[in-house]
Amino acid sequence: MIKIKISKMLQRKILKGYPWVFSYQIKNQLPEGKSENMAVIYDHNNRFLAMGLWDPNANLCFRVLSLGKPRDINSQFFLKRLKSANLIRESLQNELTTGYRVINGENDGFPGLVLDRYEDTLVIKLYASSWFPLLAELSELFRKEFSSKQVVLRLAQNIIKSLEPNSVYQDGLILFGKEKSSWIEFKENGLRFLADVVKGQKTGFFLDQRNNRLKIREMAKKRSILNVFSYSGGFSVYAVAGGCRSLVEVDSNSFALETSLRNLKLNFPDKSFPASNFKQEKGDAFQILAKMKREKRYFDLVVLDPPAFARNKKQKKQALKAYFRLAKAGAEVASEILYAASCTRYVQANEFYDAVCLGIRSAGKKYERIVETGHARDHPAKFPEAFYLKSAYFNLVQHK
Ligand code: SAH
C-alpha cells in the first residue's frame, strides 16, 4: 500500500477526526505508476496513524477511512458503518418520509460518498474516484440492506471531468435494476415529490432543506410568498400545504420550473396551476427582484435559497457580495419575513449572517432574527468544512 508522510500538525488534526490530506501536504516522494486506491499514513514515530482512500490525481488525495489501528476494509467494515448511519436516521424512516440521506460522506465514515434513498431507489453519489474499485460490493451491500429495486450512480463534476473515455462508469449509470423511468416519486413529511435521480441536481432533490421547508409551511398561512431559486418546488409545495394566499416562483431553468409544476399538481390535484394566485417567472433572480421592486410588487414572505456562489476559496469574497446583494434585493420586496440560505462551504456562518444583515439594513429595513438553522439529522457534520448549510429567518420592519 502507498505510504504517505505528513506534518506533525496535520497528524494531530487527523487524530482529532479531521478526514482530509491535500496533495501539497504530502512530505515524501511517492512511487510513480501505481494505481492503488488505498494509502496509509504513519506518524513521525513510524506508528500507524490512519488508512484511507487514495486518489493521486486529485487535489484532495487522501480521505481517512480508519484511524488508530489497521483494519480489514471489507463488507463487514462497511456494513457496520452503514448500520450506525441507519440508526441515526431511524426516526426519519416512516411512511410520511421516504426520501432522506442515508450516508453523508465523511460524517458517516464513508469519505467522499453520499447515499440518498428515494422510496425503493438508492442513489450513490461519488466525490472521489477511489471508490470505483469498491463500488460493485457497496452497491450490493446497500441494495440488500434496504431491499431496493434500483441503485443509481451519480458522479460529482470533478470525477466526470477526469473519467477515461472508455470508462465503464458514467453519471446516471444504473448499477442495479432495470430503469423504467428516471423519475422517482417519494414522500417528505407526507407531501409527494418527483425527483429525477439520473439527471436532476445533487441526487435529484435538495433533501438538506427538509426542516426549513417545514418551517415555511408553519409560516405560510394566508401569506403571499415569493420563492426565489425554486428548483423543483420544495418550498412551494410546503407553502401551498401551509395555506399561503399566493405564490410566485423564480428560477432561471425551465426544467426546474416544469418539475415544480408537476410537484404542485401531484399534491394538489384540485387546484389549478398556473392560476391568478400562482405564477412562475423564468430568468435571473437578481434582475427579476429588481424589476419587482420597480413595479412595487411586495410579498409577505420571501425565500432565498440560491445555488453555491463560490466553487473555491478564491471566490469567497465575490460570494459574500452576492449574498449581500441578494439579501438587499429580497428585503426590498419582503414586507414581513425573509428567509435566506447559503450552501457555499467556503463561507462561514457568521460571515453569511453578517452579509445578509447588512443587505437587509441597506434595503432600509430593521429586522429581528427569528431563528438560525443548519443541518438536519440525516446530514450530520463532524468537521468544519462539512458545515455547508447556513440559514436564517428574519422578521422585517420598515425604517421610519
Ligand atoms: N430551493 C431549492 C433548491 C435551489 S437549487 C429547493 O429547495 O429545492 C438552485 C436553483 O437556482 C436551481 O434550480 C437553478 O436553476 C437556479 N438558479 C441558478 N442561478 C440562478 C439565477 N441567476 N437566477 C435564477 N435562478 C437561478
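Angles under 35 degrees count as roughly parallel, over 145 as roughly antiparallel, 65 to 115 as roughly perpendicular and the rest as oblique. The model is predicted, so that local features need pLDDT of at least 70 and side-chain atom pairs count only at pLDDT 80 or more, while totals for chains, interfaces and linings use all residues. Residues are numbered from 1 along each chain as its sequence is written, and side-chain values use heavy atoms, with hydrogens and water left out.

**View 1. Helices α8 and α9.** The axes of α8 (residues 285-294) and α9 (residues 316-333) come within 9 Å and cross at roughly 30°, axes being lines fitted to C-alpha atoms, for helices over the stretch in contact, with angles from 0 to 180 degrees between N-to-C directions. Helices here are DSSP runs (H or I, at least four residues), numbered from the N terminus. The two helices, α8 and α9, are therefore roughly parallel to each other. Where they make contact (heavy atoms within 4.5 Å), F286, L289, M292 and K293 of α8 meet residues of α9 including A322, R325 and L326.

**View 2. Helices α6 and α7.** Helix α6 (residues 234-241) and helix α7 (residues 254-267) have axes that come within 9 Å and cross at roughly 30°, which makes α6 roughly parallel to α7. Their contact is formed by S236, V237 and V240 from α6 together with S260, N263, L264 and N267 from α7.

View 3. A side-chain N or O atom of D251 is 2.6 Å from an oxygen atom of the ligand, whereas a polar side-chain atom of D305 lies 2.7 Å from a ligand nitrogen atom.

Methods
A polar contact is a pair of N or O atoms within 3.5 Å; within protein, one must be able to donate a hydrogen and the other to accept it, and residues adjacent in sequence count only if both atoms are side-chain atoms.
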